[in-house]
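Hi,

Here's the structure I said I'd pass on.

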Amino acid sequence: MKKRKLGLALSLVLAAGTILGACGKDEGKEEGGASKDAPDFKVGLVTDTGGVDDKSFNQSAWEGLKKFGDEYSLEEGKGFRYLQSEKEADYIPNLGKFADGGYDLTFAAGFLLEDAVQTAAEQNTEAHFALIDSLLADENWNTVWLDNVANVTFEEQQGSFLVGVVAAKHSKTGKVGFVGGVDSPLIKKFENGFKAGVKSVNPDIEVISQYAGDFNKPEIGTSIASTMYTQGADIIYHAAGGTGNGVFTEAKNRKANGEDVWVIGVDRDQHEEGMPENVTLTSMIKRVDVAVYELSKMALDEKFPGGKETVFGLEEDAVGIAPTTENVSKEALDLVKEYQEKILAGEITVPKTDEEFKTFK
């Protein structure tokens with residue numbers, strides 16, 4: 001599969017550019033030559049049905065777009081904006097609105113928009129789209145590369161492995177849970193990475209997995225979490241978007257009643273979602289905001305990576321555990337660091353699929 005990985009140098013350039021931008025530049029330009037003021041540049045975001053305030057994936061994407069818009073003096077609602085999809089049928093029309101509006105780049109937040117992006121891109125060949133979390137594919141699952149579509153993916157299994165390490169070190173019952181949104185190759189990366197991390201620390205821990213079939217059904221998340229906690233799981237890792245909010249609800253109710261249960265959040269630091277009962281053990285950070293910012297800047301600099309896959313992982317500091325670590329023991333944090341170094345050194349290849357997990361040692 002054709003890939004183009006962003007190196008650490010790109011992250012360093014971004015950091016340097018941000019610092020210099022804050023201090024001011026005589027010429028008012030980024031190192032790549034793009035003006036800090038880009039009044040004619042327009043970038044849009046189409047969410048999936050989870051909504052822009054899902055406290056997870058879509059919200060992180062919007063935060064990245066807001067950062068880009070604010071840094072480059074774009075007007076919200078004109079230079080950058082989002083369209084929220086209430087149902088699947090909204091995907092293509094929403095993407096088309098940005099294309100028709102002359103937007104320089106349109107982000108599609110999530111693999112659920114894959115077919116819609118392919119349709120919109122083929123109908124609007126002069127417009128640029130960025131599909132987050134997936135590759136385009138034909139009816140035979142062969143990858144389709146379109147010059148006007150940038151494909152953005154993450155090494156979710158790597159970050160999930162690390163929170164699995166934390167779960168294994170903190171579980172008192174020897175049983176933990178995983179709640180996925182939609183059973184798909186993408187969410188399988190979260191599940192298998194998590195299971196590999198758990199089993200690497202303690203192969204005797206039982207991992208219970210269940211899929212909700214939806215990313216926007218918190219009531220289903222609550223129901224699944226209730227069953228898992230009742231079965232003896234004391235920690236649940238969710239990769240379920242808005243559905244995962246229901247996992248937090250169940251954990252907070254049980255914590256308020258004296259039960260010692262935890263949730264591991266996803267995509268962004270979900271520490272606050274566990275308050276005031278304080279049920280967030282840690283979160284698997286997936287820096288969708290970084291990807292959106294980076295791709296927007298590349299498009300502005302006329303370096304749009306169309307027809308390619310741009311991958312973000314541990315190497316790019318785009319996945320990992322959350323900066324809030326007050327509930328994580330020093331022993332667990334030290335072990336996370338040890339395993340992270342092994343992954344980066346190539347000593348551990350974290351499984352993405354069920355088949356890879358079966359052979360993982």
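Predicted model: local features only at pLDDT ≥ 70, side-chain atom pairs only at ≥ 80, totals over all residues.

K188 is buried, with a relative accessible area of 16%, which puts this residue under the 20% cut-off. Its salt-bridge partner is D354, with the closest N and O atoms 3.3 Å apart. K188 sits in helix 6 (residues 185-201) and D354 in helix 11 (residues 354-358), so the pair ties together parts that are 166 residues apart in sequence.

A search of the whole structure finds 19 salt bridges. Another one joins the side chains of K286 and D133, at 2.7 Å from N to O. This pair links distant parts of the chain, 153 residues apart: K286 is in strand 11 (residues 280-286), and D133 is in the loop between strand 5 and strand 6. Both residues are buried. Salt bridges with shared partners also bring D133, E156, K189 and K286 into one network.

On to the nonpolar side. The largest nonpolar core has 70 residues, and F107 is among those with the most contacts inside it. Helix 9 (residues 288-300) gives the largest share of this core, nine residues. Beyond its neighbours within four places in sequence, F107 touches residues including V43, L45, I132, V292 and L295. There's also a second, separate core of 20 residues, with L83, V117, A121 and A127 among them.

V117 and A121 are also among the buried residues of helix 4 (residues 114-123). The buried residues of this helix pack against helix 3, strand 4, strand 5 and strand 6.

Cheers

How values were computed
Residues numbered from 1 in each chain as written. Heavy atoms only, no water. Core = buried A, V, L, I, M, F, W, Y, C linked by side-chain atoms within 4.5 Å. Buried < 20%, exposed > 50% of the residue type's maximum accessible area, 1.4 Å probe, protein only. Helix = DSSP H or I, 4+ residues; strand = E, 2+ residues; numbered from the N terminus. Contact = heavy atoms within 4.5 Å. Salt bridge = Lys/Arg side-chain N within 4 Å of Asp/Glu carboxyl O.
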